Amino acid sequence: SNHDLGAGTCPLKAIPKQELDQAVLTVLKKQMQLVLRKEKQLAQLIERARVEEAASGLFSQKRERQLQKLIDQRSKAITDLYADWKSGLFDQEEYALLKGELVRQREDSEKELEMLRSESEKRARILRNRKKISDLVEKYYDCREVTPEIVAAFIQKLQVEKDGSLKITLKYRDELKELESLCEILKKEVA
């Protein structure tokens with residue numbers, strides 16, 4: 001028998017259910033093995049990164065606090081500078097130059113803080129997605145047959161082409177690419 005792919009999607013060539021199931025299972029197993037390899041690699045990289053961060057004292061949260069403190073200090077310095085100018089310590093030109101430098105420094109710190117927070121949020125999202133994918137792999141890794149449940153969990157689209165070949169579009173492919181990207185970033189950081 002053949003898998004029912006839905007109305008209007010019946011291929012010109014039918015694939016026997018057993019062959020279709022074997023092809024799907026093979027693709028899913030390879031995908032799960034890839035996830036497991038990336039998971040292992042990421043765990044090792046995260047551990048190395050933690051060790052290096054601990055040794056150098058460069059935790060993201062610490063840097064965020066440092067940047068926020070610098071931003072606050074520069075904002076206060078700008079306010080104090082205005083008061084000093086008003087009291088006659090600086091002329092208009094000196095005030096403008098000093099204020100311009102403080103504003104530039106504050107903006108640089110604000111940009112760095114925003115980038116750091118954005119990167120931190122991206123990593124947190126990737127790690128949350130990693131957990132979802134890992135949980136699915138753990139749940140289905142030992143499966144021996146294709147079930148509607150495993151198909152729903154991993155497959156976005158299953159299509160039999162006119163030539164009889166099978167095209168499988170997997171869910172979580174973007175998340176897996178992000179996971180690979182994070183591994184590459186961490187490799188560079190801990191190198």
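Start with one definition. Rings of Phe, Tyr and Trp, with the six-membered ring taken for Trp, count as a pair if their centres lie within 6.5 Å. Keep that in mind for a cluster made of Tyr82, Trp85 and Tyr95, which are linked by ring pairs.

The model is predicted. The mean pLDDT of the protein chain is 83. Of its residues, 86% reach 70 or more. Among the elements, helix H2, residues 60–86, has the highest mean pLDDT, at 92. Helix H5, residues 173–190, has the lowest, at 79. Now look at residues 1–8. There the pLDDT is below 50. That stretch has 13 contacts in the model beyond near neighbours in sequence. Where pLDDT is low, predicted coordinates should not be read in detail.

Next, the layout. There are 5 helices and 2 strands in the protein chain. From the N terminus, the order is α-α-α-α-β-β-α. The chain has 191 residues, and 27% of them count as buried. Take the contacts between residues at least 6 apart in sequence: 67% of these join residues at least 24 apart. The accessible surface comes to about 13000 Å². Carbon and sulfur atoms account for 52% of that surface.

Back to the rings. How many aromatic pairs does a search of the whole structure find? It finds 4. One of them is Trp85 with Tyr95, and this pair is stacked. The distance is 4.8 Å centre to centre, with 15° between the planes. Trp85 sits in helix H2 and Tyr95 in helix H3, residues 92–140, so the pair ties together parts 10 residues apart in sequence. Is Tyr95 buried or exposed? Tyr95 has 9% relative accessibility, so it counts as buried, since the cut-off for buried is under 20%.

One more ring. Lys29 lies over the face of Tyr141, 4.9 Å from the ring centre.

Now the largest nonpolar core. It holds 29 residues. Which members touch the most others? They are Leu28, Met32, Leu42, Tyr140, Ile150 and Phe154. Helix H1, H3, helix H4, strand E1 and H5 each supply at least two residues. H1, spanning 17–56, gives the most. Its share is 9 residues.

Zoom in on Phe154. Leave out residues up to four places away in sequence. Phe154 then touches Leu28, Met32, Leu136, Val137, Tyr140, Leu170 and Lys171.

Move along to Tyr172. This residue is in the loop between strand E2, 166–170, and H5. Most residues other than glycine have a negative phi. Tyr172 is not a glycine, yet its phi is positive, about 70°. With a relative accessible area of 24%, Tyr172 is partly exposed.

Last stop, Arg117, which lies in helix H3. Arg117 counts as partly exposed, at 33% relative accessibility. What does Arg117 touch, not counting residues up to four places away in sequence? The answer is Glu64 and Gln68. Gln61 is 56 residues from Arg117 along the chain. The C-alpha atoms of Gln61 and Arg117 are separated by 9.1 Å.

That's my tour. Over to you.

Note on methods
Residues numbered from 1 in each chain as written. Predicted model: local features only at pLDDT ≥ 70, side-chain atom pairs only at ≥ 80, totals over all residues. Heavy atoms only, no water. pLDDT = per-residue confidence, 0-100. Helix = DSSP H or I, 4+ residues; strand = E, 2+ residues; numbered from the N terminus. Contact = heavy atoms within 4.5 Å. Buried < 20%, exposed > 50% of the residue type's maximum accessible area, 1.4 Å probe, protein only. Areas by Shrake-Rupley, 256 points an atom, 1.4 Å probe, with all protein chains shown as cover. Phe/Tyr/Trp six-rings, centres within 6.5 Å; stacked < 30°, edge-to-face > 60°. Lys NZ or Arg CZ within 6 Å of the ring centre and 35° of its normal. Core = buried A, V, L, I, M, F, W, Y, C linked by side-chain atoms within 4.5 Å.
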